[in-house]
Amino acid sequence: MPKSTKKQKEKSSDFKKAKLKLGKGKKPANNAVDTSFKAHSIALPTQSIMVEKAGPTTKKHQSLSDLLSLLKHYSANSRKDALMGLRELFSAYADAPISNISTVLLACCKLISDEDGSVRKSNMQFMDWYLHNIPQKAILPHSATLMLYVTSALTHIFPEIRVDTIKLLDILLDVCPVIVVSPGPNGHADRVLQGYLSLLVGDAMRVEDGFATTSPAVVLSAQSKLSAVASLAQFLQAIKRNMSSDDDLWYLRGSFTSGKAYQSFVELLSDSQGSTSLVFMPETEPSLSPKDYWLKTENWTIEDIEHSLDFCQIDDSDITETDNGSLFEKAEKHLHRLLVELCLEYVPPAMMTLDSRAEPSTELRIVNATLKLAKSLYFDVHDSARSRRNYSQLLSLMSHISTYLPVMNEGDNCSTEVADELQAINLTYNELLAICLLSPPNSAPLKRDSIGKLMSRSLDVGKEISRVAPWILGMIRGRPTARHSLGRPLSAQTTSAILPTIWAMISHSPSIQAGFTVSTQLDILRAVVEQIQRPEISYATKLLLIRSLMSLLLIETEASYQGSFRPTRLPHTAGTDIGSSSAKDSRLKLFEDSILNIPKLLWELGDANPKTSRCLILYLLRCAQRKALDITNTTVLQISQRLIPFFCVQHPTRGTLLGPFVRFSGPNGVNTQKLALDLVLALGRYHINPPGSTKAQDIDVTNSQASNLLVSVTNSVANTVHKAYWESLQSRL
């Protein structure tokens, strides 16, 4: 057979010459070896683990500069990891946070407006931890940088960034509020308030007759509203604290002719730790301040006049008060409508779902935040021109929520968290009610009668008091609930919140038609005295209650007092002729019982709580100085007899036993002991001519009984540094 064509082609292919084509290169030979190669380089400039880095590093060998550079990384995860690394680094090295505060704060401030939500959340968590771990004085130099980025983020185009910035403001208000609430052109309070208003009520436009507001650019969720309203209430409260110190007796301010007279009365009950004797001090020449330098010069010279003019400077406090006044005026114009809208939107649904939730609902928290905002906004009136408008706005707000509040019965299925939230709402509502009932301070055009007429348009005064009175009595006495079968004990915080309402009720004129009578007032006073005598009540609560009762006794002795309440006189009750002596005697007996319980408290306290003991002695001393203890003919005598164990007692078998008086130590303890000796002297002057006694025999018996206290004091100071001081006081009797 002939060979196949395939095999013939394979034989001829080995000797066949390849034809060259135009533009094609010469093909390599079959046995040619390719000796070319390719090389790639990998650059690792900052990730070598063999390099020893100077300074502190994290577990990943990242230094501070590495972490700060990663905060600018394009990846959100890298930025979050850098924030976690900063916290790890600063936790391991105590000196690192303060020494690098400038660079760290600047880098973190740039992340406030980060577009990634997880990065903003991590940044807030880190700044919360970081700012709480460095002193306030280290933050103040960087306040301009912080507030520049914060106020810029408050006006960001994205609403979620503005809401998250509110959380950073809460951190700053907690750590260093002074940089947030600083007023004036160089301060940040006005820009911060504008940020709040733009978020809650929209941008404000100035028109000819005032301000007009547009609708907000974005509809906020309930949770975002809660954060913004609660933060705004905290912001306004911080401004209040920055303007003046905390005042527990603010509800008495409207009962004085002037603010100066009220401040003098408050200072009468204030505890002055620096003085050694608050009663009898030797008369000395008053010291001259630098401002009074010219008083020491008989013949003035040009140099003396120039020296005096150096101190004629404008007080910054006046500027601060004016700036804060305009700030609150701006807030009041924009926020009243918001408060009404929030109450109408969230109060009804919040009250309908109390028993069905294990934790407070968002609606209930919004109601609480709204009432706190109203309290911060209307708590004080700065000038008489705005007082009537402010009170009119507050009364309008109260008329919308008085139907639902206070919540008398929280329900059997209500959880502990919901019950606590409800109690906070009730307490804030009662504080707002007290503001409505009391005369506004520094507002001469707005008298008490005008307030009554104004309130009658939107809120019935007498009916509202009679409706709230049972709730107040339940709070004082501890109303039994499903969770507290014996009633919740009265706390100091609750006491501070209900004292203004108690004063408003007992100082308001009773009305039979409204169901608010003298007996209701007596029930409230009786409940207060019962709490002072209960052993399970804390001493802090008892001190607040005693101070309020002592202030009621002392307020009648003030020449500048213009209120209608008098401890020794009952007011006229509309619709009846109840000026009976029995009701008057009952009220005086309640005041006497509260005073006679103070020596017992002093014995129980001993030296365990020197500050409380000092305050109790001070209250008795002030009442004795003002002759306010002669409630009955035997009140002062009973106080003197009950004070004997505080100094010294004679035991039948054990002899002389020294009381708590000798156990006070330290400079403050010495001052307290001298204060107690001054009290004994003030009480002794009562016994020289006891009130209500005309017979010489009665005077002799009273003075002989009072001498037992003097003997007890003499024995207690026999071997102490107070012996000479006590002898000088006895010479004054």
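This is a predicted model: local features need pLDDT of at least 70, side-chain atom pairs count only at pLDDT 80 or more; totals for chains, interfaces and linings use all residues.
**Overall make-up**

The chain has 733 residues, and 46% of them are buried. Its secondary structure consists of 29 helices and 4 strands. Counting contacts between residues at least 6 apart in sequence, 73% join residues at least 24 apart.

**Two helix pairs**

Two packed helices are described by the angle between their axes and by the distance between the axes. The table gives these values for two pairs.

| Helix pair | Residues | Axes come within | Crossing angle |
|---|---|---|---|
| H3 and H6 | 76-92 and 117-131 | 9 Å | roughly 10° |
| H10 and H11 | 189-200 and 222-243 | 11 Å | roughly 155° |

For H3 and H6, the axes cross at roughly 10°. H3 is therefore roughly parallel to H6, as angles under 35 degrees count as roughly parallel. On the H3 side the contact is made by Ala76, Arg79, Lys80, Leu83, Leu86, Arg87, Phe90 and Ser91. H6 contributes Ser118, Val119, Ser122, Asn123, Gln125, Phe126, Trp129 and Tyr130. By class, the contact of H3 with H6 holds 8 nonpolar, 5 polar and 3 charged residues.

For H10 and H11, the crossing angle is roughly 155°. Angles over 145 degrees count as roughly antiparallel, so H10 and H11 are roughly antiparallel to each other. Their crossing is left-handed. Residues Ala189, Val192, Leu193, Tyr196, Leu199 and Leu200 of H10 meet Ala228, Val229, Ser231, Leu232 and Phe235 of H11. This contact of H10 with H11 is made up of 10 nonpolar residues and 1 polar residue, with no charged residues.

**Helix H12 and its neighbours**

Helix H12 spans residues 259-268, and its buried residues are Ala261, Tyr262, Phe265, Val266 and Leu268. Viewed down the axis of H12, these buried residues fall within an arc of 150°, so they line one face of the helix. The face turned away from the buried side of H12 carries two exposed residues, Lys260 and Glu267. The buried residues of H12 pack against helix H22 (539-555) and helix H25 (610-625).

Thr612 is a residue of H25. Is Thr612 buried or exposed? The relative accessible area of Thr612 is 8%; buried means under 20%, so Thr612 is buried. Leaving aside residues up to four places away in sequence, Thr612 touches Leu543 and Leu605.

**Helix H29 and Trp726**

Helix H29 covers residues 723-730, with Tyr725, Trp726 and Leu729 buried.

Trp726, in helix H29, is buried with a relative accessible area of 2%. Which residues does Trp726 touch, not counting residues up to four places away in sequence? They are Leu677, Val680, Leu710, Val713, Thr714 and Val717. Trp726 and Lys674 are 52 residues apart along the chain, while their C-alpha atoms are separated by 8.5 Å.

**Backbone features in loops**

Most residues other than glycine have a negative phi, and most peptide bonds are trans. The following residues depart from one or the other pattern.

Leu405 and Pro406 are joined by a cis peptide bond, with omega at about -5°. Pro406 is placed in the loop between helix H16 (384-401) and helix H17 (416-437).

His61, which is not a glycine, has a positive phi, near 60°. His61 lies in the loop between helix H1 (5-13) and helix H2 (64-70). With a relative accessible area of 52%, His61 is exposed, since exposed means over 50%.

Lys627 also has a positive phi, about 55°, although it is not a glycine. The loop that holds Lys627 runs between H25 and helix H26 (635-647). Lys627 has 43% relative accessibility and counts as partly exposed.

Notes:
Residues are numbered from 1 along each chain as its sequence is written. Side-chain values use heavy atoms; hydrogens and water are left out. Axes are lines fitted to C-alpha atoms, for helices over the stretch in contact, and angles run from 0 to 180 degrees between N-to-C directions. Angles under 35 degrees count as roughly parallel, over 145 as roughly antiparallel, 65 to 115 as roughly perpendicular and the rest as oblique. A crossing is left-handed if the near helix is turned anticlockwise from the far one by less than a right angle, and right-handed if clockwise. Contact means heavy atoms within 4.5 Å. Ala, Val, Leu, Ile, Met, Phe, Trp, Tyr, Cys and Pro count as nonpolar, Asp, Glu, Lys and Arg as charged, and the others, Gly among them, as polar. Buried means under 20% relative accessible area, exposed over 50%, partly exposed in between (1.4 Å probe, protein chains only). The arc is that of the directions from the helix axis to the C-beta atoms.
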